Amino acid sequence: MTFKQFAKSFSVTAAATLALTLLSPAAAATLDLSKPADGHQAMLRLIGDIDGKPVFKDWDVTILALLPGSKPMPILRMQGYNVGRLIAKPDGSHDWVTREVSYYQDLKSGEIIESWVNPMTKQRQCIVQVANDPVSNHMVPPGANGRAPGFNLSGETGSLRMDIPLSYPNTLQPAENPEESSGPSYLASEHFIFFAKRADLISDTQSSTLAHHAWFRTGPWLPWMKMGQTPGYLIYSGQGNKYASFNELPATVKAYTLKHFPSFVTAPDSFYQPNETSWTYYAKLKKAGKLPEKCD
(Lines give C-alpha, C1' and ligand atoms only; values in the text may rest on other atoms or scores of the structure.)
Protein backbone atom coordinates (compact mmCIF):
# COMPACT_ATOMS: atom_id res chain seq x y z
CA MET A 1 0.00 0.00 0.00
CA THR A 2 1.38 3.39 -0.97
CA PHE A 3 1.44 6.31 1.46
CA LYS A 4 -1.28 8.00 -0.61
CA GLN A 5 -3.49 4.90 -0.36
CA PHE A 6 -2.79 4.62 3.38
CA ALA A 7 -3.66 8.27 3.97
CA LYS A 8 -6.89 7.90 2.01
CA SER A 9 -7.83 4.73 3.93
CA PHE A 10 -6.98 6.38 7.25
CA SER A 11 -9.13 9.41 6.41
CA VAL A 12 -12.14 7.25 5.56
CA THR A 13 -11.68 5.19 8.73
CA ALA A 14 -11.28 8.29 10.89
CA ALA A 15 -14.38 9.88 9.37
CA ALA A 16 -16.41 6.73 9.98
CA THR A 17 -15.15 6.50 13.56
CA LEU A 18 -16.06 10.15 14.20
CA ALA A 19 -19.53 9.65 12.75
CA LEU A 20 -20.13 6.60 14.95
CA THR A 21 -18.89 8.51 17.98
CA LEU A 22 -21.25 11.41 17.32
CA LEU A 23 -24.16 9.03 16.86
CA SER A 24 -23.33 6.87 19.86
CA PRO A 25 -25.72 7.27 22.85
CA ALA A 26 -22.71 7.31 25.16
CA ALA A 27 -21.48 10.47 23.42
CA ALA A 28 -24.83 12.27 23.67
CA ALA A 29 -25.11 15.14 26.14
CA THR A 30 -26.43 13.99 29.49
CA LEU A 31 -27.57 15.66 32.69
CA ASP A 32 -26.06 14.97 36.09
CA LEU A 33 -29.14 14.95 38.30
CA SER A 34 -27.06 15.40 41.45
CA LYS A 35 -26.13 18.91 40.29
CA PRO A 36 -28.70 21.67 41.06
CA ALA A 37 -28.70 23.16 37.54
CA ASP A 38 -28.98 19.81 35.76
CA GLY A 39 -31.53 18.45 38.23
CA HIS A 40 -33.61 21.60 37.78
CA GLN A 41 -33.57 21.17 33.99
CA ALA A 42 -34.64 17.53 34.35
CA MET A 43 -37.48 18.58 36.65
CA LEU A 44 -38.69 21.23 34.19
CA ARG A 45 -38.68 18.68 31.36
CA LEU A 46 -40.48 16.14 33.56
CA ILE A 47 -43.22 18.56 34.64
CA GLY A 48 -43.62 20.55 31.43
CA ASP A 49 -41.97 21.34 28.11
CA ILE A 50 -39.03 23.76 28.11
CA ASP A 51 -39.98 24.88 24.59
CA GLY A 52 -43.15 26.42 26.04
CA LYS A 53 -45.58 23.97 24.49
CA PRO A 54 -48.65 22.99 26.57
CA VAL A 55 -48.57 19.62 28.31
CA PHE A 56 -51.46 17.66 29.79
CA LYS A 57 -51.31 15.51 32.94
CA ASP A 58 -54.43 13.53 33.73
CA TRP A 59 -55.57 11.48 36.73
CA ASP A 60 -57.95 8.65 37.53
CA VAL A 61 -58.77 8.78 41.23
CA THR A 62 -60.70 7.00 43.94
CA ILE A 63 -61.93 9.25 46.76
CA LEU A 64 -62.31 7.75 50.23
CA ALA A 65 -63.96 9.22 53.31
CA LEU A 66 -62.37 8.71 56.70
CA LEU A 67 -64.47 9.18 59.82
CA PRO A 68 -62.82 8.86 63.25
CA GLY A 69 -62.71 5.24 64.38
CA SER A 70 -63.95 3.93 61.03
CA LYS A 71 -62.39 2.13 58.11
CA PRO A 72 -61.78 4.45 55.10
CA MET A 73 -64.79 4.17 52.78
CA PRO A 74 -64.61 4.62 48.98
CA ILE A 75 -67.31 7.11 48.01
CA LEU A 76 -66.54 8.51 44.54
CA ARG A 77 -64.32 8.30 41.52
CA MET A 78 -62.85 11.30 39.74
CA GLN A 79 -61.14 11.94 36.40
CA GLY A 80 -59.58 15.15 35.18
CA TYR A 81 -56.42 16.84 34.04
CA ASN A 82 -54.12 19.81 34.40
CA VAL A 83 -52.85 21.64 31.33
CA GLY A 84 -49.73 23.74 31.84
CA ARG A 85 -47.11 25.79 30.05
CA LEU A 86 -43.58 26.79 31.09
CA ILE A 87 -42.68 30.42 30.39
CA ALA A 88 -38.94 31.14 30.61
CA LYS A 89 -37.91 34.40 32.32
CA PRO A 90 -34.73 36.46 31.68
CA ASP A 91 -33.27 35.60 35.11
CA GLY A 92 -33.40 31.86 34.46
CA SER A 93 -36.61 31.28 36.41
CA HIS A 94 -39.87 30.01 34.93
CA ASP A 95 -43.54 30.73 35.33
CA TRP A 96 -45.57 27.52 35.40
CA VAL A 97 -49.02 28.61 34.20
CA THR A 98 -51.81 26.04 34.35
CA ARG A 99 -55.53 25.44 34.65
CA GLU A 100 -57.33 22.22 35.56
CA VAL A 101 -60.68 20.45 35.52
CA SER A 102 -61.82 17.34 37.34
CA TYR A 103 -65.14 15.54 37.21
CA TYR A 104 -66.80 13.42 39.89
CA GLN A 105 -67.97 9.98 38.84
CA ASP A 106 -70.16 7.18 40.10
CA LEU A 107 -68.01 4.79 42.08
CA LYS A 108 -69.14 1.68 40.17
CA SER A 109 -69.99 2.81 36.64
CA GLY A 110 -67.47 5.63 36.23
CA GLU A 111 -70.19 7.84 34.76
CA ILE A 112 -69.75 11.58 35.35
CA ILE A 113 -72.54 12.59 37.74
CA GLU A 114 -74.20 15.88 38.68
CA SER A 115 -75.73 14.75 41.98
CA TRP A 116 -74.72 12.31 44.71
CA VAL A 117 -76.29 10.70 47.74
CA ASN A 118 -73.89 11.27 50.61
CA PRO A 119 -73.60 7.89 52.41
CA MET A 120 -72.66 9.67 55.65
CA THR A 121 -75.67 12.04 55.75
CA LYS A 122 -78.05 10.12 53.44
CA GLN A 123 -78.78 13.45 51.71
CA ARG A 124 -78.67 14.01 47.95
CA GLN A 125 -76.34 16.87 47.05
CA CYS A 126 -75.74 18.76 43.82
CA ILE A 127 -72.14 18.39 42.70
CA VAL A 128 -69.87 21.29 41.78
CA GLN A 129 -67.24 20.02 39.35
CA VAL A 130 -63.64 21.25 39.57
CA ALA A 131 -62.77 24.10 37.16
CA ASN A 132 -59.77 25.96 38.53
CA ASP A 133 -58.17 28.75 36.51
CA PRO A 134 -55.40 29.56 37.20
CA VAL A 135 -53.34 27.07 39.19
CA SER A 136 -49.92 28.62 38.65
CA ASN A 137 -46.63 29.27 40.41
CA HIS A 138 -43.18 30.74 39.90
CA MET A 139 -40.13 28.45 39.74
CA VAL A 140 -36.96 30.13 40.96
CA PRO A 141 -33.61 29.74 39.13
CA PRO A 142 -31.75 26.50 39.91
CA GLY A 143 -29.00 28.20 41.92
CA ALA A 144 -31.38 30.08 44.21
CA ASN A 145 -31.35 27.44 46.96
CA GLY A 146 -28.26 25.44 45.99
CA ARG A 147 -30.13 22.12 46.16
CA ALA A 148 -30.89 19.60 43.44
CA PRO A 149 -34.36 18.04 43.15
CA GLY A 150 -34.48 14.67 44.87
CA PHE A 151 -34.42 12.32 41.90
CA ASN A 152 -34.13 8.62 42.62
CA LEU A 153 -32.50 6.56 39.86
CA SER A 154 -32.76 2.79 40.00
CA GLY A 155 -31.84 0.62 37.05
CA GLU A 156 -33.55 1.82 33.91
CA THR A 157 -36.14 3.96 35.73
CA GLY A 158 -36.15 7.15 37.74
CA SER A 159 -38.60 9.00 39.94
CA LEU A 160 -39.15 12.34 41.60
CA ARG A 161 -41.34 12.77 44.69
CA MET A 162 -43.01 16.03 45.70
CA ASP A 163 -44.77 16.53 49.05
CA ILE A 164 -46.80 19.74 49.40
CA PRO A 165 -48.33 20.50 52.84
CA LEU A 166 -51.03 23.19 52.73
CA SER A 167 -52.36 25.51 55.43
CA TYR A 168 -54.05 28.88 54.95
CA PRO A 169 -57.27 30.72 55.93
CA ASN A 170 -60.37 29.03 54.59
CA THR A 171 -62.18 31.04 51.91
CA LEU A 172 -65.43 29.62 53.30
CA GLN A 173 -65.46 30.70 56.93
CA PRO A 174 -67.80 28.68 59.20
CA ALA A 175 -69.73 31.68 60.55
CA GLU A 176 -71.05 32.59 57.08
CA ASN A 177 -70.96 29.08 55.61
CA PRO A 178 -71.85 26.62 58.38
CA GLU A 179 -72.76 23.76 56.03
CA GLU A 180 -69.92 24.22 53.55
CA SER A 181 -66.98 25.12 55.80
CA SER A 182 -64.72 22.56 57.48
CA GLY A 183 -63.29 25.26 59.77
CA PRO A 184 -61.44 28.58 59.81
CA SER A 185 -58.26 27.06 58.31
CA TYR A 186 -57.86 25.04 55.14
CA LEU A 187 -55.63 22.06 55.95
CA ALA A 188 -54.58 19.56 53.28
CA SER A 189 -51.60 17.94 51.59
CA GLU A 190 -50.69 16.89 48.05
CA HIS A 191 -48.21 14.13 47.20
CA PHE A 192 -46.83 13.32 43.75
CA ILE A 193 -44.40 10.72 42.47
CA PHE A 194 -43.35 11.08 38.83
CA PHE A 195 -41.84 8.07 37.03
CA ALA A 196 -39.86 8.10 33.78
CA LYS A 197 -37.17 6.21 31.91
CA ARG A 198 -33.70 6.93 33.24
CA ALA A 199 -32.40 7.61 29.72
CA ASP A 200 -35.13 10.20 29.16
CA LEU A 201 -34.49 11.93 32.48
CA ILE A 202 -30.77 12.42 31.86
CA SER A 203 -31.17 13.36 28.20
CA ASP A 204 -30.18 16.94 27.37
CA THR A 205 -31.80 16.81 23.93
CA GLN A 206 -35.49 16.36 24.76
CA SER A 207 -37.64 19.38 25.59
CA SER A 208 -40.22 17.26 27.43
CA THR A 209 -39.99 13.92 29.24
CA LEU A 210 -42.77 11.38 28.96
CA ALA A 211 -43.89 10.31 32.42
CA HIS A 212 -46.38 8.45 34.54
CA HIS A 213 -47.35 9.73 37.97
CA ALA A 214 -49.00 8.69 41.20
CA TRP A 215 -51.07 11.26 43.10
CA PHE A 216 -52.19 11.14 46.72
CA ARG A 217 -54.07 13.85 48.57
CA THR A 218 -55.64 14.46 51.96
CA GLY A 219 -58.19 17.22 52.33
CA PRO A 220 -61.35 18.43 54.09
CA TRP A 221 -64.91 17.67 53.11
CA LEU A 222 -65.84 19.36 49.83
CA PRO A 223 -68.18 22.36 50.25
CA TRP A 224 -70.98 20.84 48.18
CA MET A 225 -71.01 17.75 50.46
CA LYS A 226 -72.56 19.95 53.19
CA MET A 227 -70.60 18.18 55.94
CA GLY A 228 -69.65 21.34 57.84
CA GLN A 229 -67.15 20.66 60.63
CA THR A 230 -67.99 16.97 60.94
CA PRO A 231 -64.80 15.24 62.18
CA GLY A 232 -62.96 13.40 59.42
CA TYR A 233 -61.45 14.06 56.01
CA LEU A 234 -61.06 12.82 52.43
CA ILE A 235 -58.29 10.71 50.91
CA TYR A 236 -57.60 10.83 47.16
CA SER A 237 -55.63 7.98 45.59
CA GLY A 238 -54.89 8.08 41.88
CA GLN A 239 -52.51 7.88 38.97
CA GLY A 240 -52.14 9.35 35.51
CA ASN A 241 -50.00 10.13 32.49
CA LYS A 242 -48.41 13.06 30.74
CA TYR A 243 -49.53 13.91 27.21
CA ALA A 244 -48.57 16.38 24.50
CA SER A 245 -52.09 17.12 23.29
CA PHE A 246 -55.72 17.39 24.39
CA ASN A 247 -56.66 14.65 21.90
CA GLU A 248 -54.73 12.04 23.90
CA LEU A 249 -56.91 12.46 27.01
CA PRO A 250 -59.71 9.97 27.85
CA ALA A 251 -62.74 10.35 25.58
CA THR A 252 -65.25 10.96 28.40
CA VAL A 253 -63.13 13.73 29.90
CA LYS A 254 -62.63 15.38 26.50
CA ALA A 255 -66.33 15.34 25.67
CA TYR A 256 -67.40 16.81 29.03
CA THR A 257 -64.73 19.51 28.80
CA LEU A 258 -65.68 20.58 25.29
CA LYS A 259 -69.33 20.85 26.36
CA HIS A 260 -68.91 22.61 29.71
CA PHE A 261 -65.39 24.12 29.95
CA PRO A 262 -64.05 24.68 26.41
CA SER A 263 -61.41 27.22 27.50
CA PHE A 264 -59.60 24.41 29.35
CA VAL A 265 -58.49 22.67 26.14
CA THR A 266 -55.14 24.51 26.31
CA ALA A 267 -52.86 26.18 28.84
CA PRO A 268 -52.81 29.88 29.76
CA ASP A 269 -50.44 32.12 27.79
CA SER A 270 -49.37 34.29 30.73
CA PHE A 271 -48.95 34.31 34.49
CA TYR A 272 -51.85 35.68 36.54
CA GLN A 273 -53.12 35.28 40.08
CA PRO A 274 -54.76 34.60 42.49
CA ASN A 275 -54.96 30.85 42.09
CA GLU A 276 -58.37 29.21 42.02
CA THR A 277 -59.34 26.27 44.24
CA SER A 278 -62.52 24.24 44.63
CA TRP A 279 -63.28 26.43 47.65
CA THR A 280 -62.76 29.82 45.97
CA TYR A 281 -64.66 28.59 42.89
CA TYR A 282 -67.55 27.44 45.06
CA ALA A 283 -67.54 30.78 46.91
CA LYS A 284 -67.73 32.69 43.61
CA LEU A 285 -70.63 30.58 42.38
CA LYS A 286 -72.45 31.01 45.69
CA LYS A 287 -71.97 34.79 45.71
CA ALA A 288 -73.21 35.03 42.12
CA GLY A 289 -76.23 32.80 42.87
CA LYS A 290 -75.01 30.23 40.33
CA LEU A 291 -74.71 27.12 42.49
CA PRO A 292 -76.58 24.16 40.95
CA GLU A 293 -79.92 23.58 42.64
CA LYS A 294 -81.77 21.16 40.36
CA CYS A 295 -79.50 18.21 39.76
CA ASP A 296 -81.61 15.05 40.08
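## Legends to the close-up views

**View A. Lys284 and Glu276 form a salt bridge.** Lys284 counts as exposed, at 52% relative accessibility. Exposed stands for over 50% relative accessible area, buried for under 20%, and partly exposed for anything in between (1.4 Å probe, protein chains only). Glu276 is buried, with a relative accessible area of 9%. Their side chains meet at 3.0 Å, N to O. A salt bridge here puts a side-chain nitrogen of Lys or Arg within 4 Å of a carboxyl oxygen of Asp or Glu. The whole structure has nine salt bridges.

The model is predicted: local features need pLDDT of at least 70 and side-chain atom pairs pLDDT 80 or more, while totals for chains, interfaces and linings use all residues. Residues are numbered from 1 along each chain as its sequence is written, and side-chain values use heavy atoms, without hydrogens or water.

**View B. Two further salt bridges are shown: Lys89 with Asp95, and Arg161 with Asp163.** The side chains of Lys89 and Asp95 meet at 3.5 Å, N to O. Asp95 is buried, because its relative accessibility is 8%. Lys89 is partly exposed, at 34%. In the second pair, Arg161 and Asp163 meet at 3.1 Å, N to O. Arg161 is exposed, with a relative accessible area of 58%. Asp163 is partly exposed, at 43%.

View C. Strands (E, at least two residues) and helices (H or I, at least four) are DSSP runs, numbered from the N terminus. Is Asn82 buried or exposed? Asn82 is buried, with a relative accessible area of 9%. Beyond neighbours within four places in sequence, Asn82 touches Val55, Phe56, Lys57, Trp59, Trp96, Thr98, Arg99 and Glu100. Contact means heavy atoms within 4.5 Å.

**View D. The largest nonpolar core has 44 residues.** A nonpolar core is a set of buried Ala, Val, Leu, Ile, Met, Phe, Trp, Tyr and Cys residues joined through side-chain atoms within 4.5 Å. Ile63, Leu76, Tyr81, Tyr104, Trp224, Met225 and Leu234 have the most contacts inside it. At least two core residues each come from β1 (55-66), β2, β3 (94-105), β6 (130-132), β10 (185-197), β12 (233-243), α4 (251-260) and α5 (278-287).

**View E. Leu76 is shown with its contacts.** Neighbours within four places in sequence are left aside. Leu76 then touches Val61, Thr62, Ile63, Tyr104, Gln105, Leu107, Ile113, Trp116, Trp224 and Met225.

**View F. Helix α4 packs its buried residues against β2 and β3.** Which residues of α4 are buried? They include Val253, Lys254, Tyr256 and Thr257. An α-helix has 3.6 residues a turn, so residues three or four places apart point the same way.

**View G. Strand β10 pairs with β9 and with β11.** Strands pair if DSSP finds at least two bridges between them. Strand β9 (residues 157-169) runs antiparallel to β10 over 13 bridges. Gly158 has Ala196 of β10 as its bridge partner. Seven bridges link β10 to β11 (residues 212-219), again antiparallel. Here Phe194 is bridged to His213 of β11.

**View H. A disulfide joins Cys126 to Cys295.** How many disulfides does the whole structure hold? A search finds one. A disulfide is a pair of cysteine sulfur atoms within 2.5 Å; here the S to S distance is 1.9 Å. The link is left-handed, with -85 degrees about the S-S bond. Cys126 is in strand β5 (residues 124-126), and Cys295 is in the segment after α5. They are 169 residues apart, so the pair links distant parts of the chain. Both cysteines are buried: Cys126 at 15% relative accessible area, Cys295 at 11%.

**View I. Met227 lies in the loop between β11 and β12.** Met227 is buried, with a relative accessible area of 5%. Glu179 is 48 residues away in sequence, and the C-alpha atoms are 6.0 Å apart. Leaving aside neighbours within four places in sequence, Met227 touches Asn118, Met120, Thr121, Glu179 and Trp221.
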